[in-house]
Amino acid sequence: MPLLQGRSSSPNACDGDLIIVQEKYNALTPVVLRAGSFLNNRYGRFAHDDVIGHPLGRRWEAKSHPGTGSGTQACAGFVHALKPTPELWSLAMFHRTQIVYPHDSAVITLFLDLRPGQVLIESGTGSGSASVAFARAVAPLGQVRSFEFHKPRADAAQKDFRALGLEHVVKVTGGVDVVKQGFLGVNDGEADAVFLDLPAPYLMGEEVARVLKPNGTVCTFSPCLEQVQKSAEMFRKGPFHSVRTVTAPVRTYETREQILGTPGFDELQESQKDVANPALNDESSRHRKRQRIELSGSTRRKLKTAGAERLEMADKNDGRHDGRVIRVAARLHSRPFSSMKGHTSYLTFARRKRGNVKASPNNGAGPKLLLGDAKSGADGSGISRRESCIIS
Amino acid sequence: MPLLQGRSSSPNACDGDLIIVQEKYNALTPVVLRAGSFLNNRYGRFAHDDVIGHPLGRRWEAKSHPGTGSGTQACAGFVHALKPTPELWSLAMFHRTQIVYPHDSAVITLFLDLRPGQVLIESGTGSGSASVAFARAVAPLGQVRSFEFHKPRADAAQKDFRALGLEHVVKVTGGVDVVKQGFLGVNDGEADAVFLDLPAPYLMGEEVARVLKPNGTVCTFSPCLEQVQKSAEMFRKGPFHSVRTVTAPVRTYETREQILGTPGFDELQESQKDVANPALNDESSRHRKRQRIELSGSTRRKLKTAGAERLEMADKNDGRHDGRVIRVAARLHSRPFSSMKGHTSYLTFARRKRGNVKASPNNGAGPKLLLGDAKSGADGSGISRRESCIIS
Amino acid sequence: MSPDEQIQEDNWVVLSATDGKKVLGHVSRNSSARIGKRKRKIGALLGARWGDLFAVRSGDRLEPVEEEQSFNVTAETEMGTERNNQYLEDTNENQKLEQSTILAMKEQGIEGEQLVRTVVENSLTFRGKTAFSQEKYIKRKRAKFDLKVRVLRPTALTLCETYFERSPEKTMHLRPDGLAILLGYAGVRSGCRALVYENCTGLVTAAVAERIDGVGKVINIFSGTTPPGTEVIRMLNLDSLHTKAIVHTPIELLGMVDVSQSEDNDPLRYVTVEDAITEKTGTKHVPSARRAEAIAMRAKRGDVKSWIRDGCDCLIVATRFDVVQVFDVLLKHLAPSGCFAAYCMHLQDAADLQYALQLSKMAMRVELLEVSLVNHQVLPGRSHPAMTDSATGGYIVSGVRIAMPSAMASSDNGEKSN
Amino acid sequence: MSPDEQIQEDNWVVLSATDGKKVLGHVSRNSSARIGKRKRKIGALLGARWGDLFAVRSGDRLEPVEEEQSFNVTAETEMGTERNNQYLEDTNENQKLEQSTILAMKEQGIEGEQLVRTVVENSLTFRGKTAFSQEKYIKRKRAKFDLKVRVLRPTALTLCETYFERSPEKTMHLRPDGLAILLGYAGVRSGCRALVYENCTGLVTAAVAERIDGVGKVINIFSGTTPPGTEVIRMLNLDSLHTKAIVHTPIELLGMVDVSQSEDNDPLRYVTVEDAITEKTGTKHVPSARRAEAIAMRAKRGDVKSWIRDGCDCLIVATRFDVVQVFDVLLKHLAPSGCFAAYCMHLQDAADLQYALQLSKMAMRVELLEVSLVNHQVLPGRSHPAMTDSATGGYIVSGVRIAMPSAMASSDNGEKSN
């Protein structure tokens, strides 16, 4: 199933499609469908033929239970077969390097102002998680041109993109050191956006200025503030405007049901009623109690959990779930998961100024970025210009 | 009312006490009680004599309405008279400088391991908000010895501390440049803790090492990371252990009631019932409707707000609130206030190593901190040692 | 989107000023916008290019500025942090120049950076200030005496930022980080069919329309007689191709997707904001010919019904009402394996939705996350996270729709793989 | 608190290891603690001073280490960030030394930093790694071959950190930042009378006791027959003066504060954890003489009742149960102008309490805040917030108790100044 399948094509999975199989929440696997093949995992043996020709987004039932070796209790059953998305892919793929997480690539995509049809230059490709997210934004007619120094890694990424049906959108160039050689083959002013996930993005100022269109946006992705300090200075001194640095951490919450009531306090409150009003007869005391319980409302209901509600509802529908999304009356509780990815990277954005920019005088501190005329310097190799970038 | 009044003294406000008056949530004023005096504000004219001799933490009713000049509608009534606390004081006092906010001073107090009876050295005093928080932690027998270069500011702070009844705990030394002169009058190894809110805390390494007891803790309070980088390096090279940098931002939430229901969706769901089951008669349809409403529980009750509940309850008690804290059945909604103090300062903590520490060899980069024997160097002036701190 | 790089009559623009604020402008020869503290004439923008820089000059008019290197004496050298405010009196500013002198200088044509420099040189306390305070002071003076604006293209991003800054209640306090996650996690892309319900004055619909770029459909569900969310959409300067991809769909239609009706060949029925004004005031705001043309361009009821019946690829919700109820109505119209994302302002709403979805068996990978964009000041010697920032980007509930397990499937195993 | 600077028999200690982990130890000649991956003998701590550094040596025993300057070849020079992992194969470690060779070296007495250096020199990929990866590698090897521990005094801070790291569910995930705000905003100080209800295994009670330092009272309300929160309190190494300030008070007593009873001269009745063990196992864990002495030291029921009747200065709550109900019972025992603070793990609880308090008219300045401590790595060329961090410090509801307005006061004005 190509990642960017349009509405026009069949909604059904085809032979040769890459799909994502979810075994458990944290166990996702990419599977390429082949007629007659089987997928074997701890939940059983699954026939590819049961998926080919059917829509995705549903249960995939096992043909048979897994082997009873190693004494594990066979909890056979089913997995889920899903269409690939950049978000699922980032969880299912092999992490060859630290990846760009989906929440970061979502923010980068918006801040780079990516649109269908645009050209994005990326370096390095890494595991390709960001490339796939960017590809979705510029597809079907746009281009992600991705540079990766490490040749085997570039080849592996290109193979992934082909499996995902993205070969028409993402092109990987392997074995090029963009800091020394520049974005080989990219013409002046050809790029709408540039994404740099490199150790020294601040050495790329002139090359970025060369390839970016006026108002095109560049983003650097750097884990440490020291890199950001150098990049920000390079942008401020170069032909860029609207420089800003952000971080976009997210945190995920879990929600559970809570049963109210406090040991000791419940009993005290009951006994206080009686002590405080010894004159009241039983009838009246019972009445007051009822009043109070009414007042504090159904949130005090201790017995009926949401699960019980749900079962009750299913009962009314002959034991089947009825496809409804219903607010539960039970009291809910949320808190962030106790461990989170607190910091990934600083994102620094800048936009290319229009026109040519004079060389900045050197103030005696910080990098000396000697910017020539961004347009005239293009000779195709990008090498000579690289050498004029000197960091003190 | 002295800020640290013990249980033994009278719980009543006395002539000469400083109290905090709350007019509105964001309008707090310190008032020194004087028999026969009056406080005038937009809510009326308040007699100090109505507070003197009575406990605090209650309404202070106006003697008369404010003057009817300037055409403002006199909404006379009352204010609240409260005991001073470091937290209320930080809101009521005059901000002569950027203050240390209560949440930061709470965290610093815990991380400095402050205990009653300890000696804390502080520089600079600033507006004195941190000094007051630290004073509470070391009182009644401990000492906060606070240094402030700016003489008039030191005098103003000392005056505040006297008014708060803290003169036996906090001592301010004004007009001393601790970077040049050191902590004048502080003996070697006398301090349990040091707090530095200065532009260049990284110049104070040797002096901090001199005054701190073994395992005593130092905290630097710096808004920018560059200061922190220098301070952390100084601590790592000096006779310190357990170096760590934290930030402790807080955010405050507001909670409101929510009335559920979605325009258009309510009607659609009703009509769908009828369309889907044209065969059912009215009676049955009404029954189903009732069922659904029961299922989704009392959260759907649109009419009874918490205010209404509360009034109902008050009715049952002859119009008086009955001193109860009751969970409301209404649905609540919370979100952080839309603007917050996101960042105040980085807090860097380190502990003094025991014993003497040899000079650190210079690695060619970063500050050269030449540490002599911390104990033997003490000559009371602190000047000679200061000069051996050279920052390249 | 306007393919032209030049700003034209009737274009909307976002003006980003050096005082850090953004304002919207609607460009014509005589139009104006509130920049700084006053209204300024923005006619000079006509024919300019997106991204150009303008200065506010005397006569409250804009004038193009030649781009220069942002050369700044103190900016790029490590500022000593040692100097402190020890000599500074706790009083207000000490400025030698009288207000009248400054006015006279302006009349003599001394303006911009030159004026700022003169004012700074005449400050009695400037030299005694810390590097921080000096910088703040110059910034303040520059915002006052040398105000510049950069003209930006109105996009989902710039409109989101501008609304958040100026009237956040209109867009449910949706920030760019929340919008980014909403679009990304719902899987919006060119060619997709997106089902949208929003109470953000059209911002979310506009953002989805921008990202599908005229190919695919944005089915914007609304209640009442008028699609309320058209304010922001108009500001995108969309051409007719892109406008046509937005299908304002009355919620009543959802009740009839499976029913054939005689009016299925008619275009969708609703009253636009402009029509409503025409009716109310009696003045013909929109010529009836143009109105008829616009109505004829709308999608046919029957087509919309069949799109919804086939199932949508993404579901995006941003509601201030009952988000659980909204999902109860809309989730069934998302095709299996389609992604959904809902933006909530309050954790309680998001939690209720998360739990209701988990129990519904109609969704997998249900995740509740809070987004938080932090701005950082990165300057030599003065780097730190923004001192004052908005506290949250809100809460997003996302997940993947799955087909209900068939009645035969043992529902006991259901928990395991979800 | 033990005034002595030397570690004594029966003392509890917190051991902070160079692998970044903290463990608790109970010191005697033959006791041990799990440091790194194994149990190590910690008898060497006897007689040592708080803050001292120890290395793990062969035979799994600790040995004191002379404090040295943390001299580190790469640490203080700006690490080039330009080098990248371009030559690195995506395989596991390439180490020339066999595991057996390393073991042999250890037997020859090559240990600590020397061993780490040898291992690093024999890594095939070390030179090709980025500065980051090199550092991570050395750190990992150092944790493995040169483990050191620093012995810290058990305090509210170090115990809070240790429990949060090792068994957060025992202390309701309370982090130091939450504890700090709880103590600060409730106004705990020497001489005060604090009313406490907590489900944090005694951590909050211990922290309050530490801060009042033996002067004042910590009235620790508990339900059941045994005060459950004594585990952490014991670890503070408190002397009898400080122990006496903690008053474990059965919740039933709150129902009788206004009633005179014949047993008011008796000490508080409850069973300690030790007593319970004695009863259960039959073995006399605590000699009955010492037990009688301990009971006699307890506060008298009548005294506790009168303290509560007079009103407390602070109220501190940390409960996993119904926090609104807890406040309904306890808030009335806080004296007017006294401060309260409650720690909640979930926003919904905190919000319910905030709203209930606002409606109650018994409190002012009711504030709900979320605390979040962020750790930062600050190293040359490698500064950033911690990559993995716990996501929240929880929610604190704080405020000031006020006396109910008298029946005469017009309650209509009540809204205005709250």
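## Two domains in chain C

Domain bounds come from an automatic or database domain assignment. In this predicted model, chain C is split into domain 1 (1–70 + 94–153) and domain 2 (156–265 + 300–401). Taken over C-alpha atoms, the centres of these two domains of chain C lie 36 Å apart.

## Where the domains of chain C touch

Let's look at the place where they meet. Domain 1 of chain C brings 16 residues to the contact, and domain 2 of chain C brings 19. About 1500 Å² is buried between them, with carbon and sulfur atoms giving 57% of that area.

How many salt bridges cross the interface of domain 1 and domain 2 of chain C? There is 1. The side chains of C:Glu161 and C:Lys22 form a salt bridge, at 3.6 Å from N to O. The two domains of chain C also share 4 residue pairs in polar contact. On the domain 1 side, strand S1 (12–17), strand S2 (22–26) and helix H3 (131–145) of chain C each give two or more residues. S2(C) gives the most, with 3 residues. By class, this side has 8 nonpolar, 3 polar and 5 charged residues.

## Where chain D meets chain A

Now for a contact between chains. Chain D supplies 49 residues and chain A supplies 43, and the area buried between them is about 4000 Å². Carbon and sulfur atoms account for 51% of it.

Chain D and chain A are linked by 3 salt bridges. A:Arg331 pairs with D:Asp352 in a salt bridge, their closest N and O atoms being 2.5 Å apart. The interface also has 18 residue pairs in polar contact.

How values were computed
Residues numbered from 1 in each chain as written. Chains lettered and ligands numbered in written order. Predicted model: local features only at pLDDT ≥ 70, side-chain atom pairs only at ≥ 80, totals over all residues. Heavy atoms only, no water. Contact = heavy atoms within 4.5 Å. Buried area = accessible area lost by both parts, 1.4 Å probe. Salt bridge = Lys/Arg side-chain N within 4 Å of Asp/Glu carboxyl O. Polar contact = N/O pair within 3.5 Å; in protein donor to acceptor, adjacent residues only side chain to side chain. Helix = DSSP H or I, 4+ residues; strand = E, 2+ residues; numbered from the N terminus. Nonpolar A, V, L, I, M, F, W, Y, C, P; charged D, E, K, R; others polar.
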